[in-house]
Amino acid sequence: MRFITILTVCTMLAGTLSAQVNISGYVTDAATGEPLIGVSVYCAETQQGQASNAFGYFNLSNPGKGKYSIQFSYVGYANYNTEFNALHDTLVRIKLQPGLAIQEVHVNAQKPIEERAEVSTVQLTMKEVQRLPALGGEVDLIKALQLLPGVSQGNEGSSGMYVRGGSPDQNLILLDDVPLYYVSHLGGFVSTFNPDAIQNVTLIKGGFPARYGSRLSSVLDVRMKNGHATQFKGNATVGLVSSKLTLEGPVKKDTSSYLISVRRMMYDILMRPITPLIFNGAGMGYNFFDVNAKYNHKLGNADRLYLSFYMGDDRSITSFKPKDSDISAKGKLRWGNTLGALRWNHVFNPKLFNNLTASFTQYRDTMMQNYKGTGIKSDYQFLSKVSDVTLKTDFDWFVSNSYTLRTGTNVIYHHYLPSQMNNKQSMDGITNDSTEVNYREEAMEANIYIENEIQLMRNLSFNAGLRYANYRVNKKSYLSLEPRLALNYNLIPRHSLKLGYAQMQQNVHLLTGSSTGMPSDYWLPPTKTLAPQLSVQYSLGWAHTTADKKYEMSVEAYYKEMDNLISFKDGVSYFTGLGNWENHVEGKGRGTAKGIEFFIKKNTGKTTGWIGYTLSETTRQFQEINQGRRYPFRYDRPHDISIVVQHQIKPSIDFFASWVYNSGNAITLAKEHYMVPHEPNGEYEKPYVSVEIYNGKNSTRMEAYHRLDVGVNFIKKRSHGERIWRLSVYNLYNRQNAYYYFWGTDIEGDGWNETEPRLYKQTLFPIIPSVSYSWTF
């Protein structure tokens, strides 16, 4: 109630500033009607500016009636200059024309990096993502982000993100403001984000704004397209990994529009009919699919509705039914996300913008097995899931051109069901049916935040905020007060010093075991003995853009401490089961991550791209693991280099290449391996035993990983659409990167004599050419 009272007072205060004349409205793409986020809006007379918010809304306050010259500028769009004769508050709709008059690529950010009141923040346009090499012909958002400093992949080909020493569960991944728990297909080969449905991407690695919470390491804010507002459009792609179809258009021109995008892997359609013929009744198939859908409707000048939906699943099916036999067996694995959100934008007055959201998100992992034989029948089902229901409201109060206040609150209901098993068996007419739920829990979470984005002086701006969180589970409350700061100080023209500070609390734990490529992710709440994870991060950096705006450069150092981490105890894994799961994990772990990131990016010209380098160290420490000694995190990579080149040979041909190098993963591997003579106790027992000597957990470093990917786009534009052939080669020089190591022996003589153990490596992906074809209509 107090919060509502405060907002009412703010609204009244905003209304009292009657001497000012406000120019407010929405900025959209002139061709599609899509809202543009972060557009720079600048008034020449007042020499002040604002940026459009997440829905394209902006407000400029002017000292009184009169004529004002306003400039709108945005990434990849022609600048738009106009003059307003503002006699009273004016609502406008600004449409920016995409593309530039000159025939060259232009991918700069909305404002020069040294002018933005943000730290450790990266924005990628979908045009940049589309012009990167594609594994299997599948352009992937997460793999594009892995090419940035401070972000690395896990294993070969994985779409997991390890940001500044954190693990994948420590990333807050949002799709239209709603969290996604699992973002991989095909064992990490492809992420869940279909590029054809995505409009805007922002990655935050530190200095987090107070409106974000519940994770420790990063925020990935992904916004879906709204759908073309003026005409029907379509896009179709056929590739080696998947095929896609996207349809969008107006329901009522300039009032409502829709987007539907579907993606599916076609492997099983071919393999499932063939495999039973080859393997005597044994069939197998695998596929994944995504469905993105969105509808938006303008109720009036002050109100808009948005309805977003996403569903994505992986499915693996095996079957066995030999000819002339009564025996049959079938197994089915299915895992994925479902997400839905209804958002209502309301403009109370030109200075006060509100967004109200009701959402649902769920990750589920299911397995079904059944067997039929003479007199025997068995059915086994497994279910693991986590789901959230959220109600939240956010306010943007444009107090002045140099001060924007953001505040909001949310309430989240969490439901955890990590493991439920049902086993039904019938034999000779007798049926046994049992259901086992190892663990079930419900939790409530409430958050409130305030953010102050202030341009204090021409050369000093900052975003200072505070977030309060209350997480209640099993009659215990975990309270957290989280201060945040992102400061930008312009030392001299085009050079700035950036400072960031953030405290975070993560109210969920993840136990995982995905060595087979199939997920075994168990999302679990804090308990009385395992508290929420905590972190504090400091960032300090320098940023610069050259006078011609061709190049932007940055150097940023960070230091992060993490507490209350969990890990399986030595000798325990997820195969142990979830009964009394707290007894199988070690809690109260500590982690540290420190590093320095170098980044240089070319924004304009026919050749664009970037070079990134990260020097870092990441460790973990648990009292009962590795004898209490600190050890390297598995994905600690002291050196990480990425080079990306994108070149427009001519308007119809694009060339692109990326090269990555990073230190090998830290693994636990026996340093010495001996065969010790042993007196066999039986006829089949070997006359020796194997003895392994270890130096400590993760004390061995795998060999360095490096790879070159290249590709080319052939583009043909026609009056009724566009055709693109995309040719890519993954791992061009066929580097045999190690996926894992193992000790092995060779058999000699009569089969009992084995050679001395030798260390072998298993590789995964050799050189892989790919092709895809897409067309728009």
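**Strand pairing and aromatic contacts in a predicted model**

Strand S1 (residues 21-29) pairs with S7 in the parallel sense, over seven bridges. Strands here are DSSP runs of E of at least two residues, numbered from the N terminus. Two strands pair if DSSP finds at least two bridges between them. The model is predicted: local features need pLDDT of at least 70, side-chain atom pairs count only at pLDDT 80 or more, and totals for chains, interfaces and linings use all residues. Residues are numbered from 1 along each chain as its sequence is written, and side-chain values use heavy atoms, with hydrogens and water left out.

Strand S12 (residues 171-175) pairs with S13 in the antiparallel sense over two bridges. Leu175 stands opposite Val178 in S13.

With strand S34 (residues 551-568) the sense is antiparallel, over 16 bridges. Ser554 has Phe599 of S35 as its bridge partner. With strand S37 (residues 607-621) the sense is again antiparallel, over 13 bridges. Here Thr592 stands opposite Thr619 in S37. In a regular strand the side chains alternate between the two faces of the sheet.

Two lysines of S35 were examined. Lys594 lies in this strand. Lys594 is partly exposed, with a relative accessible area of 42%. By the rule used, buried means under 20% relative accessible area, exposed over 50%, and partly exposed in between (1.4 Å probe, protein chains only). Leaving aside neighbours within four places in sequence, Lys594 is in contact (heavy atoms within 4.5 Å) with Tyr558, Tyr559, Leu615, Ser616 and Glu617. Lys594 and Thr619 are 25 residues apart in sequence and 9.4 Å apart in space, C-alpha to C-alpha. A polar atom of the Lys602 side chain lies 2.8 Å from the backbone oxygen of Thr607.

Aromatic pairs number 24. Rings of Phe, Tyr and Trp (its six-membered ring) pair if their centres lie within 6.5 Å; planes under 30 degrees apart count as stacked, over 60 as edge-to-face and the rest as tilted. The rings of Tyr162 and Phe633 have centres 6.5 Å apart and planes at 50°, so this pair is tilted. Tyr162 lies in strand S11 (residues 162-163) and Phe633 in the loop between strand S38 (631-632) and strand S39 (639-650), so the pair ties together parts that are 471 residues apart in sequence. Both residues, Tyr162 and Phe633, are buried.

Ring pairs also link Tyr26, Phe55, Tyr57, Tyr306, Phe353 and Phe398 into a cluster. Arg304 lies over the face of Tyr26, at 3.9 Å from the ring centre. Arg343 lies over the face of Tyr306, at 5.5 Å from the ring centre. A charge sits over a ring if NZ of Lys or CZ of Arg is within 6 Å of the ring centre and within 35 degrees of the ring normal.

Methods
A polar contact is a pair of N or O atoms within 3.5 Å; within protein, one must be able to donate a hydrogen and the other to accept it, and residues adjacent in sequence count only if both atoms are side-chain atoms. Helices (H or I, at least four residues) and strands (E, at least two) are DSSP runs, numbered from the N terminus.
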